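Here is a walk through one protein model, helix by helix. Keep the structure open while you read.

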Amino acid sequence: MPPASQLRAISAIESPSERASYLTHAGEAAFHTPEDPEGHRTALCVALASSLLQLRDPGSALAALDALPEGRRSNNEAALRAHALLWLGRVNEAITLHGARPTPAGAWLDALRDAVDLAHAPLIASTAGELFAGEMNDRQRVRYDARLARLASVDETQDPDPAPDAGNLDPPTESSGG
């Protein structure tokens with residue numbers, strides 16, 4: 001099926017899982033032939049990455065985007081790439097990407113939403129605050145403030161000084177020898 005027809009077909013698929021399954025081929029480098037004048041192959045790859053992010057799989061989303069040839073990168077691709085990089089904790093790479101191809105605040109806020117319970121979430125929040133302080137619209141500012149409040153509540157619920165064996169669920173064993 002030609003890429004244009006595939007784009008029409010995926011518009012009827014509501015489930016991100018089904019869309020990702022249908023679009024798996026779009027994440028392979030061999031799919032991206034030199035001819036793509038209307039950008040349909042790129043759009044299919046971006047749709048795959050978006051579906052994978054919805055499925056909470058930023059590593060696979062990033063891998064799909066990596067299959068795009070350099071000359072086919074788009075604003076949508078950059079936003080999804082930043083989202084995946086941030087979610088994976090690769091904040092410095094997202095900053096570099098933003099410097100080369102400015103990414104929207106919304107991508108950073110989406111990544112912060114998805115990574116809010118991860119150790120690197122405060123770094124995403126502070127960096128987004130610095131990068132987009134004067135650029136966020138009212139809706140984005142509300143989203144950002146809500147994420148900051150969520151981060152504060154996560155910090156309050158974590159034990160600041162956990163017991164040395166807090167993460168060890170195995171019963172202690174007697175040492176042998178000695």
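Which residues in α1 and α2 meet each other? From α1 come Q6, A9 and I10, and from α2 come R19, Y22 and L23. Bear in mind through all of this that the model is predicted.

## The overall picture

Let's step back to the whole chain. The protein has nine helices and zero strands, so its pattern along the sequence is simply α-α-α-α-α-α-α-α-α. Of its 178 residues, 40% are buried.

Take the contacts between residues at least 6 apart in sequence: 59% of them join residues at least 24 apart.

## α1 against α2

Back to the opening pair. Helix α1 covers residues 3–10 and helix α2 covers residues 16–23; they pack at an angle of about 170 degrees, with 11 Å between their axes. That angle makes α1 roughly antiparallel to α2, because anything over 145 degrees counts that way. The crossing of these two helices, α1 and α2, is right-handed. Sort the residues of the α1–α2 contact by type and you get four nonpolar, one polar and one charged.

Q6 deserves a look of its own. Leaving out residues up to four places away in sequence, Q6 touches M1, Y22, H25, F31 and L44. One of these, Y22, belongs to the α2 side of the helix contact.

## α3 against α5

Next pair: α3 and helix α5, the latter made of residues 75–87. Their packing angle is about 30 degrees and their axes are 10 Å apart.

On the α3 side, the contact is made by V46, A49, S50 and L53, while α5 brings N76, E77, L80, H83, A84 and W87. By type, the residues of the α3–α5 contact split into six nonpolar, three polar and one charged.

R56 lies in the loop between α3 (40–54) and α4 (58–66). Its phi is near 65 degrees, a positive value in a residue other than glycine.

## α7 and its arginine

How many of the 11 residues of α7 are buried? Nine, which leaves this helix mostly covered. The buried ones are A105, G106, A107, W108, L109, A111, L112, D114 and A115.

R113 is also found in α7, which spans residues 105–115, but R113 is partly exposed, with a relative accessible area of 37%. Setting aside residues up to four places away in sequence, R113 touches H83, R143 and R147. One of these, H83, is also among the α5 residues in the contact with α3. The C-alpha atoms of R113 and W87 are separated by 9.0 Å, with the two residues 26 apart along the chain.

Key
Residues numbered from 1 in each chain as written. Predicted model: local features only at pLDDT ≥ 70, side-chain atom pairs only at ≥ 80, totals over all residues. Heavy atoms only, no water. Helix = DSSP H or I, 4+ residues; strand = E, 2+ residues; numbered from the N terminus. Buried < 20%, exposed > 50% of the residue type's maximum accessible area, 1.4 Å probe, protein only. Contact = heavy atoms within 4.5 Å. Axes fitted to C-alpha atoms, helices over the stretch in contact; angles between N-to-C directions. Parallel < 35°, antiparallel > 145°, perpendicular 65-115°, else oblique. Left-handed = near helix turned anticlockwise from the far one by under 90°. Nonpolar A, V, L, I, M, F, W, Y, C, P; charged D, E, K, R; others polar.
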